[in-house]
Structures are given as C-alpha cells and as structure tokens.
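Colleague: I am new to reading assemblies of chains. Could you walk me through this one, step by step?

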4 protein chains.
Amino acid sequence: MICFNCDYTEGAHPAIIDLLTKTNFEQTVGYGEDEYCEKAREFIKKECGRDDVYVQFLVGGTQANLTVISSALRPHQGAMAAKTGHINVHESGAIEATGHKVIALDCGPDGKLSAESVENCVNAHWNDETHEHQVQPKLVYISDSTENGAVYTRAELKALSDVCKKYGLYLYLDGARLGYAFMSPKNDVTLADLCEFCDAFYIGGTKVGAMMGEAVVITNPALKEDFRYLIKQKGGMFAKGRLLGIQFYALFENGLYWQVSKHAIDEAFKIANALKGAGVRFLAEPESNQIFPILKDSVIAKINEKYLTAFWSKEGEDESAIRICTSWATRSENSDKLIEDILALL
Amino acid sequence: MICFNCDYTEGAHPAIIDLLTKTNFEQTVGYGEDEYCEKAREFIKKECGRDDVYVQFLVGGTQANLTVISSALRPHQGAMAAKTGHINVHESGAIEATGHKVIALDCGPDGKLSAESVENCVNAHWNDETHEHQVQPKLVYISDSTENGAVYTRAELKALSDVCKKYGLYLYLDGARLGYAFMSPKNDVTLADLCEFCDAFYIGGTKVGAMMGEAVVITNPALKEDFRYLIKQKGGMFAKGRLLGIQFYALFENGLYWQVSKHAIDEAFKIANALKGAGVRFLAEPESNQIFPILKDSVIAKINEKYLTAFWSKEGEDESAIRICTSWATRSENSDKLIEDILALL
Amino acid sequence: MICFNCDYTEGAHPAIIDLLTKTNFEQTVGYGEDEYCEKAREFIKKECGRDDVYVQFLVGGTQANLTVISSALRPHQGAMAAKTGHINVHESGAIEATGHKVIALDCGPDGKLSAESVENCVNAHWNDETHEHQVQPKLVYISDSTENGAVYTRAELKALSDVCKKYGLYLYLDGARLGYAFMSPKNDVTLADLCEFCDAFYIGGTKVGAMMGEAVVITNPALKEDFRYLIKQKGGMFAKGRLLGIQFYALFENGLYWQVSKHAIDEAFKIANALKGAGVRFLAEPESNQIFPILKDSVIAKINEKYLTAFWSKEGEDESAIRICTSWATRSENSDKLIEDILALL
Amino acid sequence: MICFNCDYTEGAHPAIIDLLTKTNFEQTVGYGEDEYCEKAREFIKKECGRDDVYVQFLVGGTQANLTVISSALRPHQGAMAAKTGHINVHESGAIEATGHKVIALDCGPDGKLSAESVENCVNAHWNDETHEHQVQPKLVYISDSTENGAVYTRAELKALSDVCKKYGLYLYLDGARLGYAFMSPKNDVTLADLCEFCDAFYIGGTKVGAMMGEAVVITNPALKEDFRYLIKQKGGMFAKGRLLGIQFYALFENGLYWQVSKHAIDEAFKIANALKGAGVRFLAEPESNQIFPILKDSVIAKINEKYLTAFWSKEGEDESAIRICTSWATRSENSDKLIEDILALL
C-alpha cells in the first residue's frame, strides 16, 4: 500500500538522520540547553528577522498546544477555536484537562476562524451582565494551514490580530503544517508577519521532515516567563533535548524546511490539477498539502486497494470526499501512479 | 570536558541509529500501532514471561509517571512516594498538575520506600475519623534503582506488594534506570517478578541506550482500560509512534538492553572499587550506575576542571559527596582516566 | 421594584427560618452527619420510595454539578449537555476546571436534550477509528426544568435512560428547579422515576424555598464510593452541615417542597393565561415557573420601570422575549398587579 | 453530652438569626451584589482602616483557600505551608485538585511557619541549577490562630511579610479563627497590620458566630482581578449572596465579632488557668480558644462520658493531650462544670 492518508508515515529527512548519526557520541548538557538547540534557535530567530523572540522545542503538537495555552491562561479563561480546530476535536480533551474550556466557534468548511466571529464572541461575553458566570474568552487558537487544508492570508491574520489587540486577547497559531501553508501559492504571510501578529506560534517539525518536535516561538514577553517550568511539568522536556535541536538545526541551517515543504505542495498541486483537468470537483479549492477530491464511492473503493487515503465526508448518495495528503517524503512516481490510476477509473 | 554527571549525555546506541536509518522510508501507520511497536511489545512480553501484560511506549519519564498515575487515581486519591522520589522533587509538580497530591514519606538516604512506612501512612489515614478530609493514599510510587542509586531486593518489593494487596493500593515502579538496577550485583529481581508485584511499571529507554522513550507495562487489567486516551490527552502519543517501537525493538530483540546496562554497571563498579581501594568513603554503598564518593572539596574542584560530575551534598567542613554516573555510552578509557586522576589527587 | 427576574430574590420559607431558630443552640456533630441531615435523608428516601439511594447535601448548584461530574468521570471522559445547558454556559467553566470537556449538543429552543442526539454523539465517537484522539462521551447532563423553562416527559427521560444504559453512560439530572418541573401540569415524572432513570440527580433547594443547598441523590452504587471526599475537596462540605439538613427536613417532612412549588406554578400560569388571553405570543409554550412572553420593546421598557424581569432575546424589529419568573415567594397580589399593568400596556 | 470538641457545634449568633428573619422577604439582587453585602464590605473596610481593599464573601474555609490560591498562582507554582497547615492535611487535597503542590515545611508543635524556613525553601529552589524541574515556591500560607491554637505576633508576621516582599511571594493568611487569635492576650496584631503584611487573608465567620461564610480581604491589586469568576467557577458563589452579607453585617456593624471572640477566649483561659492551678501541664502554652491539656487516659475516659473533647496525641504511657475548644456559643456554666469535673478527677 502506498500512503497518501497523512503526512507522518515516514521517518525523517535524511539530512536529519545524518546529523543525528554524526553527532551521536558527542556529550551535551540536557533539557534543551545544548549548543544544537542554541544554534537552531538562532537560525529560527534569523528567519523571523527578530532577535527578541523566545524559542523552545517541544516533543509534539498536542504537547505544544496544551503547554502554551495552559501557561498563558488564568483558570477562568478559555481558548476560542474553530469548531473543527485540532484542540477542539482531536486532542482527547488535552486543553480541558489543564482546566480550560475550548470555546468552539462556528466556521466555514475551510476551518478558518474569522476576526468577526472572534469579536462577536468577545462582545457577547462582556455584554452579559453576569459575564462572571461564563468562561472569559482570552486566547484565539488558529491553525495554518487549517485542519481542512486552507491557508490564511496576511489580511485575515492581520484582522484577527487587530481584534486580539483591541480586546486584550492572545493570538496563538498552531503551525503543525506551517511549512506547507507557507509554500502554498495562496500564501502571502512570512515568519516576520507571524511574529508581529501572534503572541505565540509553533513551527511544526513532525509533519514537515523531522522525526518529531515542534519549535514554539513566543513573541509576547508576558508569555515567556517561566515557560520552561511548564514544559517540564507537562512532560514535554526531553532529557536529551539536543535531539530536537539537531533536527531544527538541520531543517533551518540552509532552508531545508522550505524546500521539503515546497516539494509536498508541488506534488499536491500536481495531483489536484490533474484531477481538476478530468473534471473532478473538490470539497474546497486545494490550497496546501491536503486536498479533498469528491469521487464516486466505487472509485474510492478501487483506489483504496492500492493506496491509503483518508475518508473525509459523505457527499451525496454515492459520492464522498477523501483526503489526499502529500508530504516532504512523497515520491513523485507515486503521485504520478496515483493520478494515472484515478484518471483511469473516472 | 568528559561527562560523568548523568546518564543522558549521548544520543543512542548505534544499533538504534542503524535501525532508524534502515527503516526510515518505510511507510507505517501512526500513533504506536505499527509493526515495530507490535514486535517490540512481543519482545517485552516474552522477557516478562507473560502474554497478558499491556505495553505502551511513551516519550519520557515524567510523561510516563503523570500519565499512569492520573489514569489510575480518582480525584481524591494520592500517590505515596519517598520524600526524595522523582515525582516529589523533580517533575515541577507534574502529578499535582493532574490534580493529585504526592504524599511524601520519610525514607533513608538510599531513597527506598519501606513496606512499613506505607502501612503506617495507610493506617494513619483510615484510623482518622475524618479521613474524608484527607487525601486518600491509593498508589505507591517507587523507583528502581532509586534517585540515590539504591537497588530494591526481591524481598523488599514483595513486602511492598503484599502491603499494597492488603490495602487495595496500586504499586507502580518507575524504571527509568531499570536496566542498571537489574544488572547490579545486588539485584535478585526479574521482569516476571515486577509483573507479579506491580500493577504497572516502566522500562526506561532514555537513560539506557535509547534516544528517548519508556515502555510502560501494565499488568492490572483495571489500569489498562482506555489508557491510550490518556497518552494522547497528556501529549505523549507520537504521531510517528514507530520511532519508539523501533528503539525498543532494537533494545529487546537480542538482549541489547541488558548488555548496555551491564556495561554501565561494570564501569561504575570499576570506579567505585578503585576509589574504595584508595580509602574513599561513599555516601552509600555503591549498588548501581550512580555512585556517591565523598571527597575533599579541593579534590572535587580539581576533578571538575576536566570532568563533569554532579554535586550532591555537603558532608562536613571541607568535604562533599558528588554523583558519578556511568551509562551505556561510558567509554572504558574515560573511566580509567577518571580513576587515575582522582587517585592522583588523594 | 418588584422582582420577577429570577427565583432567588428572597430568603427562605418561614418554616425553615423557624426551624433554624428553634434548633439554633442545639449542639450537633459537623459535616452533615448530624440527626437533622439523617432525618432529611430519610424523608427524601421515602419520597423516592427507595431505601438504597445515597443522599448528600451540597451548598449550591454549580458545586453539586462539578462534584458529581468530576467524581463520576475518568480524565478522558466528557459530559454531554445541551448547548444551552447550565454547565455549558453559566458556570464559568466549572466542569472544565475539573479537567473535563462539556460536549455541547444542539438542542431546540426548549433546551431539552434528545435521546437521538446523545446516540448520534456516542456513535460518532466510537465509529471514529481514532476515537482515542477525542474526548470519550460518558455522562449525559440534563436539567428539569430546563434553563428555558421546559419540562421533560417520562417518555423522554426513559428514552434518554435507555440510550445511556445501552452505551454505558451515566445520566445525571440537574434539578435546581425540580419542584417547579414536577408541579407543572405537563409533568408525568416522579422521584421514583428519576431513581430508576438516572444514576444521580439533585433536588434543588436554593430556588425552591431554601436559603441554599441542594440534595444530591445517587442511585448508581459505583458513584457513591468515596463521594464525601469529593464534597470536601471541592469545598462544598459545610462545617455546620446541619444547616442544610434542617432546611431539607423542613421542606420534606410534610411535603412543603411540593406546596411551595405548586404555588409558583399557579402564579406563573395565572400570568401566562392572562397574557395569552390578550393575544400575547410566547417564545415557547409555558410549562413551568419561567415563562417567556414576546412583547413590544416599548411595552417592556414601561414594565421595567416597576418590575424587574430578565431580557431573554431579540425577536424581530421592535419586539423581544423576556423571562418572567415566579417562585415559592411570589405574592399573588404582585402577579395580579403585573398582569394588570401589562394588559393595560397592550 | 456537652461539646468542647470544636467551635462549630451550634448554629449562629442570635443577632444573625434575627437579621436573617427580619430581612427574609426583602427582594435583593443575587450573587453578593446586594446592599447587605455592600454595607458589610464597608464595615470591614472601616475596621481595616483601608478603603482600597477588596472584600468578597465565600461559603467556607476550604472554598476560600482553594479559590484564593488557585486564583493567585500560575500552574508551576506552589503554596508553602507548615506541615500541619490546614491545606496540607485537612482539605482532601483541595489545593492539589486545582493543580498546585502544597510545599510542606517543617514547623514546631505550635504550627507556626517561620520567616527563616520560608527563606530557606525559596533559596533552596533558586539555588538549584535545574529549578525548572521543581515546583516554584510562590505563596506562603499561614493560619492565625494556627491549627494548634498558637497566635502570631506582629513581629513574626512582619518578618514573614518581609521575606515575601524580598522574594516576590504572596502572603496569604487563613483567618478561620481570626477573632479568637485577635482576642488572645498574646495578640498584638490588627486588621490594619494584616492589610499591610498580607496580599490576602480571610476573616472567618463559620467558627466565630456565623452560620457559615468567610470574608476574603484582598489587598494586592494583582489578586483582585477577575476574582469573582473564580468564586463562581469553584462553586462558592451563593445565588442568595445576601445570606453572607447579612451575617457579616451583623457581626461587624457594632463589633459583635470581637465581643463573641472575646467571650470564647475568656472561657478558654478560665479553663486553662483552673487546670494549671491544679498542676495540669499543657502541650503548648494556651494562647487562644483551643487548649491542649495533658491528662491521664483514665481521666480522659471519665471526662468523655459527659463531654465531647477531641483526642489530640498520645503523650507517654498512660497520658494523652486532648483539645478543649471554646467558642462564641460556649456557656459559662458548662465551662464551670467542666472545670469542676476535671479537678475532681485529678
């Protein structure tokens, strides 16, 4: 079976494996305070064009989300998220387990949160005479790209940021697939923009070439304080912290992160365009490495004999949307075969 | 600087690096349900001599402790631990952050918890008329080897287990350094014993040859239920779960885990015996890969120009105990040099 | 100003004040283990027609909800509730603060949860291959009467209970206004029914004649265990526990609870029928002590010069729904005046 | 049986009962925002000699402690308390249930925490290179009088306050028995002092004449923010908040609080002096309304046929310390009888 079901089916980019191998017997201090982590932090700061951001490496996405959010909020405050947001539906209640409500807001099929819906939520709260009886909305959680493959524009992010600043909210961006978002033809956002718009965000490694690990970037000084206690408390601080540093070192020393992301986007659009050319409709206009063609169930069944894809949603009597996901590791010949096989079935 | 300060200064055993490299481009399902994890589970079950134990791989020790303990306890229940126990002093309140009190019990300088002190704690609780106003002691947390390098005997573990069974308590063993404990000349415990005595324990990878990862073994059926939800919720479930499976595969396919542990013990005892031969006293009789010689502060200062060791405790006017720690990665020639240099300073 | 805005504007029924006064200098043991609590428990068991239920008195509704729910659930489990359910919107995240997600389900304007929507939620969970990445739905929270004044029928409750039994869920009923629900002409439910259908419920005192206090009734043996630890831990155990016992003693010795509830219902329906007679529409058919007439904003403004009512929702250009709430303490002459004044304004 | 076992065996001072009765049918707004609460706040501010303190009424002591502490701390911070402190031993893990470690410090038999032990704890934390792996000590919890009946001097409180200011810690005082402490002949502290020394404290009602309720006084502006959300979330906000306001109104309108406290102290010292005169030793010098005579077990057995006292500790072969507790409600004739009966048994 060839996997197009998700973007974490392989190990890590060979450059990472090489650097891990090469440095394997070096002795370093633990807990992320070694030179590789330090260097990796500098690379990332440089990409951000900012020297004053605070960078920490965490083991995974759920860990990053729960650590940042529980560190930022007081007990009565909640995190607004799109209904389909990862923290709302696919983290087993990780945020609630730290004591905070995820305030789920309606969103379109793209999974994006609008500045307007945030503002409405905040106003509804503060206009209530007994607002003390409600969770106080304090943080906005978004993902770029979203769980549904959509990419935020700079204007959308700025609007969200403006609302957050207006109401004293934190804006936090989950960048599990940030590389794929930024390499999207639709993207007009930079890391410098994220630093300006967000109080914190993370650059995802797990799904973008690393074995595991996410680089949390904190720009708001208030959120930096004592953050490492939280990492330790939540179980996200590796004894051998260098393992994360080394990976981000390899990814950001020479722009490898962007190259592998670009590859995934190229493969995704190749597939998308070929299918479009054959008249296939999509659940949403393809924007990143996750695309959602709508196909006859019989076609899907045939495809699934040879490929792993992810069922997404029933779309009519005998049709469904599936998720096809490319990654840094997708082989071009496999994409070509997939295209060929699908086209033959239409 | 040559590191003897802890057992996590290098990467991973080359066999692990090799297997990670070799399998790097295989496509597997995520979240620990791949074949490598499956195989590694079977190897561990075989070592335990038990088919009915439940094995899950977690990313680190704090993560393992907080996940197991918060999964096992109801909100009003607490975990008894030696005062010096890792969960009581070095996990940034990870257990409390899940809502549970760590009930710290007095212990000797070896860091072991006795059956008697557990029984006294439980009796004190239930004999109190208003026991509902106190945290209910429900789980016993121990480490083998302990934070102070001591190794439990089978008789001690059985006594603890008997008390636990008598009072309906869970016995949970933190095996961050289990390999080093088991290879100690003092050890008479087996994995089968642990399965019999404990409700859950973990076999430490991070400090014993792996990059990261711990294998949690659950024997009590009540503690198996829905355990994977907890792993996910607490942020300890790797998308690329195979990374952990592959490592434990390499460690347990052919007994590598025990070989590398034995190496660390041999090095530790070589150093300990050489120092003893020169009249050096120890804070406690060396039992595992952590040894605690008492040396003049001036000697320690000299040693520390060339070696990293860990200061442990002031022991009189001008003497201190330091921790010297060997590991799977300790080079024999470095131990030899250390011995030579210390002896020259005495 | 005459209050029709809520049902907790006065102190307590005089019979309660009397009994508190009369018993004031008696010396009793604390924490709810005195004779008055004991007697009150017996009265309630008798009304339930069950000797095997477990009754504890808590200080308030939020306290009751968070104590029962956090006692019943494991960390990865959540409580399903109607979107408009009290725990979802008006308890400042009390449930989440104990670590659990409130899984908000769509509901009609009556605020009732249907068996069908519960079943759909449970099926959606278990049919997801990665259900471990989602909060496990385990408890159903409903209120009778609902936050919107609606009353459950026996058939509806039975259907909910059947679904819960089918899927191993707990059914928990918030009875803050249970007296008013049971005295509704629409009601066909008894306390014995609740004991049969629910795993736990509470009989509300605060809004039904008591100063404060709710009687939690637990029928499921699994939920009784160690419940008093939870009451203490969450801060809901009065040192002078008899204060609650005495009040429920007074309310249930001779059916006072039902009499005062009936009075509130009579007053509510008197108002509702008078308004209906004058052609006033209601947001929902009046069923209990909360009624929601839709009036011109100009009329509402006039009413609010003399009466406190609660704004509920905008219903068109120049109309709104308001909540008029009667209680055990509502004076008939005030209801009459309110009717007269409204009719004069129409 | 005549109760000397604790200070919460009766209802409330008649002045409170009277005011509750008199105001019973007044209609007020809920949740502690009525005029009685407002007036009571003013009385308390006046007694404090400060207009800038923030006063909120909570239902009980555990509730007050957990609400203040969880509101003040970030997730990685802990509360230092004497080993015997109420939050460490008699609140069923209420503080841990909000996520925070109680850092138990050694103390003498008086149950007082010294400035020195706080400073040592803080230094030990910050001097540890890996302090991020430990809970950060951030708040100091003390009780006046202590659980063992001791009363803090102004100098002791000032020393604690100075240490707290030096290290940026919060000082929080549990005043469940503040009235009894302040009426002790040993006391030289005023409410104005508490306002100066503490960031927050509470004036206990439950044990000092009220039915229930504690007045939390917050002086540190940082701790005032959004405090009412926390009250609501933790279940401590009464719908009929006036019930608490009315009681503190009665207690503080004309100094009733101090009068009833003085009465308890007079009775306690009458008993203590009579026993001392007969040669009875005490576990600690009597300082407040709790006194701890050491008596032969045979004498205690006889006393307990007629009086309820609390066993405290075994003090030798055939002797024990018991706690004799007076209160606002202790009848002089009962104290006289107790003295007579004990003296007759010696």
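Modeller: Start with contact. Two residues are in contact when heavy atoms lie within 4.5 Å. Now apply that to one pair of chains. Of the interface residues of chain A, 100% are also interface residues in chain C, so the copies meet through the same surface. Keep in mind that this is a predicted model.

Colleague: How far can I trust the prediction? What pLDDT does chain A average?

Modeller: The general idea is a caution. Where pLDDT is low, the predicted coordinates should not be read in detail. Here chain A averages 97, and 100% of its residues score at least 70. For the complex, the predictor gives an ipTM of 0.96 and a pTM of 0.97.

Colleague: How many residues of chain A are in contact with chain C?

Modeller: There are 18, and they touch 18 residues of chain C. The area buried between these two chains is about 1,300 Å². Carbon and sulfur atoms give 43% of that area. In chain A, the residues that lose the most area to chain C are A:Ser92, A:Glu96 and A:Lys101. Together they make up 39% of what that side buries.

Colleague: Which residue of chain C forms a salt bridge with A:Lys101?

Modeller: First the idea. Side chains of opposite charge can pair when their charged atoms come close. In this model, A:Lys101 pairs with C:Glu96. Their closest N and O atoms are 2.6 Å apart. The count of salt bridges between chain A and chain C is 2. Polar contacts between these chains join 10 residue pairs, both residues at pLDDT 80 or more.

Colleague: Which helices of chain A supply residues to that side?

Modeller: Look at α4 (86-89) and α5 (94-97) of chain A. Each supplies at least two residues of the side that touches chain C. By type, the residues of that side divide into 4 nonpolar, 9 polar and 5 charged.

Colleague: Now the other pair. How many salt bridges are counted between chain C and chain D?

Modeller: The count there is 0. Polar contacts are another matter: 24 residue pairs make them between chain C and chain D, both residues at pLDDT 80 or more. Several elements of chain C each supply at least two residues to this side, among them β1 (2-3), α3 (61-72) and α12 (242-253). The most comes from α1(C), with 4 residues. The side of chain C that touches chain D divides into 23 nonpolar, 15 polar and 8 charged residues.

Colleague: What area is buried between chain C and chain D?

Modeller: About 3,900 Å², of which carbon and sulfur atoms give 56%. In contact are 46 residues of chain C and 46 of chain D. A rotation of 180° with 0.0 Å of shift along its axis superposes chain C on chain D, at an RMSD of 0.0 Å. The same surface serves both copies, as 100% of the contact residues of chain C recur in chain D.

Colleague: Last one. Where in chain A do A:Glu38 and A:Arg41 lie?

Modeller: Both lie in helix α2 (residues 35-48). They sit 3 residues apart, about one turn of the helix. Over all chains, the whole structure has 81 salt bridges.

Technical notes
Residues are numbered from 1 along each chain as its sequence is written. Chains are lettered from A and ligands numbered from 1 in the order in which they are written. Side-chain values use heavy atoms; hydrogens and water are left out. Buried area is the accessible area (1.4 Å probe) that two parts lose on being put together, summed over both. A salt bridge is a side-chain nitrogen of Lys or Arg within 4 Å of a carboxyl oxygen of Asp or Glu. A polar contact is a pair of N or O atoms within 3.5 Å; within protein, one must be able to donate a hydrogen and the other to accept it, and residues adjacent in sequence count only if both atoms are side-chain atoms. Ala, Val, Leu, Ile, Met, Phe, Trp, Tyr, Cys and Pro count as nonpolar, Asp, Glu, Lys and Arg as charged, and the others, Gly among them, as polar. pLDDT is the predictor's confidence in each residue, from 0 to 100. Copies are superposed by least squares on the C-alpha atoms of residues with pLDDT of at least 70 in both.
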